[in-house]
Amino acid sequence: MFSGSIPALVTPFRDGRFDEAAFRSFVDWQIAEGSSALVPCGTTGESATMSIAEHDKVVAVCIEQAAGRVPVIAGCGSNDTLVALDHMRSAQAAGAAAALVVLPYYNRPNQEGIYAHFAYLADHCDLPIVVYNVPGRTVTDIQPETLGRLAKIQTIVGIKDASGKAERVTAQRLACGEDFCQLSGNDDMALGFMAMGGRGCISVTANVAPRLCAEFQNACLHGDWRQALALQDKLFPLHTALFTDASPGPVKYALNALRPSFPDEIRLPMTPAGEASRKAVDAALKVAGLI
């Protein structure tokens, strides 16, 4: 259903408020540079610090600005099943192609609780769901067997896998079938993920280097592994540098360096990238040929 380079969009803030004009320009740039879909209000978009109304507005603005040129996978996750459902219904009404729904965090449900969460959402809203597994943030981790059960539900169509476990690609394909859409959630592991049967990456780095990330994904999808490896080496320092401090501080710093009109403001409890991180980002931007 989805493939290629899909940026997990950062959200621009100016004087504490959502900078709608900067975001609309950013969406246009991402599409022009070759991104194949967009994800507003994910982790990188600072969804955790948004009100429900603000969250839904950012999603709606993204969909309106994309205007059907690429699909929008709206961040809709919550550790409260009913809040996640409200986000899904709002995103569906705005025209989203799918919902990205993270595993419930903090509550730490068992596998049956994880299954019940997603099954409830699918039963009460027919917007397609991409499961988001990121154990480093949620503590919970969906097992391939549980995902296989969920894959039998028609509207649960894929996974953003940030488990960091490369073997999961094969395990999940065997559990869910070849048509289940597997998207990497780790830029630095995307080459191996794609070689094992992935279809794309919901990417942090694509915020900063959308064209290079799109070229990398296209090389993978066409089996041009020599070109993919060359692009991996070019992008790898940036993949690393963007996580040398708490995300999305380094990402916003990098974007502001490339697009000075894009504000680097970040909401508490996150803080701007520190000096060491900024130096690492500057060096990585040079390696990637972006500055």
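**Notes on the annotated site and its strands**

1. Tyrosine 132 is buried, with a relative accessible area of 7%, where buried means under 20% relative accessible area, exposed over 50% and partly exposed in between, using a 1.4 Å probe and protein chains only. This is a predicted model, in which local features need pLDDT of at least 70 and side-chain atom pairs count only at pLDDT 80 or more, while totals for chains, interfaces and linings use all residues. Residues are numbered from 1 along each chain as its sequence is written, and side-chain values use heavy atoms, with hydrogens and water left out.

2. Tyrosine 132 lies in strand S6 (residues 129-133); helices (H or I, at least four residues) and strands (E, at least two) are DSSP runs numbered from the N terminus. Leaving aside residues up to four places away in sequence, tyrosine 132 touches Thr43, Leu100, Val101, Val102, Leu103, Lys160 and Ala162, contact being heavy atoms within 4.5 Å.

3. The UniProt annotation "active site", from an unreviewed entry, covers Tyr132 and Lys160; UniProt positions are given in the numbering used here, feature names are shortened, and annotations may be inferred rather than shown by experiment. The two span 29 residues in sequence, yet no two of their C-alpha atoms are more than 4.7 Å apart, so they gather at one spot.

4. Lysine 160 sits in strand S7 and is likewise buried, with a relative accessible area of 7%. Not counting residues up to four places away in sequence, the contacts of lysine 160 include Tyr132, Asn133, Leu183, Ser184 and Ile202.

5. Strand S7 (residues 156-161) pairs with S8 in the parallel sense over four bridges, two strands being paired if DSSP finds at least two bridges between them. Within S8, leucine 183 is the bridge partner of lysine 160. From S7 the chain passes through helix H7 (residues 168-176) to S8 in a right-handed β-α-β crossover, meaning that, with the strands pointing away from the viewer, the path from the first strand over the helix to the second runs clockwise.

6. In strand S8 (residues 181-184), Cys181 and Leu183 point one way and Gln182 and Ser184 the other, and all are buried. S8 is also joined by two bridges to strand S9 (residues 200-203), the two running parallel, and in S9 glycine 200 is the bridge partner of leucine 183. Here too a right-handed β-α-β unit is formed, made of S8, helix H8 (residues 190-195) and S9.
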